[in-house]
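Open the model in your viewer and keep the selection tool ready. The tour goes stop by stop.

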Amino acid sequence: MTGENSTTTEAATLDWGVRLLYLQCAGLVALTAYLIVLDLTSDDIIVAIAASLTVMAALAALAVFAVARALGRRAARARGPAIVVQLFLLATGGFLIQTGPLWAGVALLAVAVLTALLILLPPSSRALGVD
């Protein structure tokens, strides 16, 4: 195996972790769009609360995008924030398991665990240069 192929192989776990982070970003964008629709069509909302929740979802999408992009560029400093994002997903998944819908909670837990695992595996550490 050539040096380039081994580097590509070692980075595969990190690349899949980054892809899952982009998937999480897409989910947050979809949530933001849904909240915008609710804000514009609902009659009985408190505007300040609705707007702040929508802005927070949009900011979260931007933050996850920035973390995914930095991690995709092999910035070792982005690994910590990526794990923090997964901890937030674990908390949200646990809440959804308790309150419903169960399938969404299980899906969030699975994606969070898989993403964190992929980012923390030794080949990912080597690809980031932190090994």
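Is R74 buried, partly exposed or exposed? R74 is partly exposed, with a relative accessible area of 28%. The cut-offs are these: buried means under 20% relative accessible area, exposed means over 50%, and partly exposed lies in between, with a 1.4 Å probe and protein chains only.

Before moving on, some ground rules. This is a predicted model, in which local features need pLDDT of at least 70, side-chain atom pairs count only at pLDDT 80 or more, and totals for chains, interfaces and linings use all residues. Residues are numbered from 1 along each chain as its sequence is written, and side-chain values use heavy atoms, with hydrogens and water left out.

**Stop 1: the whole chain**

Show the cartoon. The protein chain has six helices and zero strands. Read from the N terminus, the order is α-α-α-α-α-α. Helices (H or I, at least four residues) and strands (E, at least two) are DSSP runs, numbered from the N terminus. Along the principal axes, the C-alpha atoms fill a box of roughly 65 × 25 × 20 Å. Of the 131 residues, 31% count as buried.

**Stop 2**

Most residues other than glycine have a negative phi.

D15 forms a salt bridge with R74, and the closest N and O atoms are 2.8 Å apart. D15 lies in helix α2 and R74 in the loop between α3 and α4, so the pair ties together parts that are 59 residues apart in sequence. A salt bridge here is a side-chain nitrogen of Lys or Arg within 4 Å of a carboxyl oxygen of Asp or Glu. By this rule the count comes to one salt bridge. D15 is partly exposed, at 23% relative accessibility.

**Stop 3: the largest pocket**

Select Q24, L28, L31, A60 and L89. Of the 20 residues that line the largest pocket, these are the closest to its centre. The pocket has a volume of about 710 Å³. A pocket is defined on a 1 Å grid over the protein atoms alone, as an open set of points where a 1.4 Å probe fits, with protein on both sides within 12 Å along at least five of seven lines; lining residues have an atom within 4 Å of a point. The volume is the space filled by probe spheres set on the points, which are joined across faces, edges and corners.

Which helices supply the lining? Color α2 (12–41), α3, α4 (79–99) and α5 (102–120): each supplies at least two residues. Helix α2 gives the most, with seven. By class, the lining has 17 nonpolar, three polar and no charged residues. Ala, Val, Leu, Ile, Met, Phe, Trp, Tyr, Cys and Pro count as nonpolar, Asp, Glu, Lys and Arg as charged, and the others, Gly among them, as polar.

**Stop 4: a nonpolar surface patch**

Switch to a surface view and select V55, M56, L59 and L62. They form a nonpolar patch on the surface, with about 410 Å² of accessible area together. Such a patch takes residues with over 30% relative accessible area and no salt bridge, and joins nonpolar side chains (Val, Leu, Ile, Met, Phe, Trp, Tyr) within 5 Å. Areas come from the Shrake-Rupley method with a 1.4 Å probe. L62 lies in helix α3 (residues 47–72). L62 is exposed, with a relative accessible area of 56%.

**Stop 5: contacts between C-alpha atoms**

Go to L38 in helix α2. It is partly exposed, at 33%.

Next, pick G94 in helix α4. G94 is partly exposed, at 25% relative accessibility. Its C-alpha and that of L108, 14 residues along the chain, are separated by 8.5 Å.

**Stop 6**

Zoom to G100 and P101. A cis peptide bond joins them, with omega about -5 degrees. Most peptide bonds are trans. P101 lies in the loop between α4 and α5.

Finish at L128 in helix α6 (residues 122–128). L128 is buried, with a relative accessible area of 8%. The C-alpha atoms of L128 and A75 are 6.5 Å apart, although 53 residues separate them along the chain.

Technical notes. Patches are made of residues with over 30% relative accessible area and no salt bridge: like charges are joined within 9 Å, nonpolar side chains (Val, Leu, Ile, Met, Phe, Trp, Tyr) within 5 Å.
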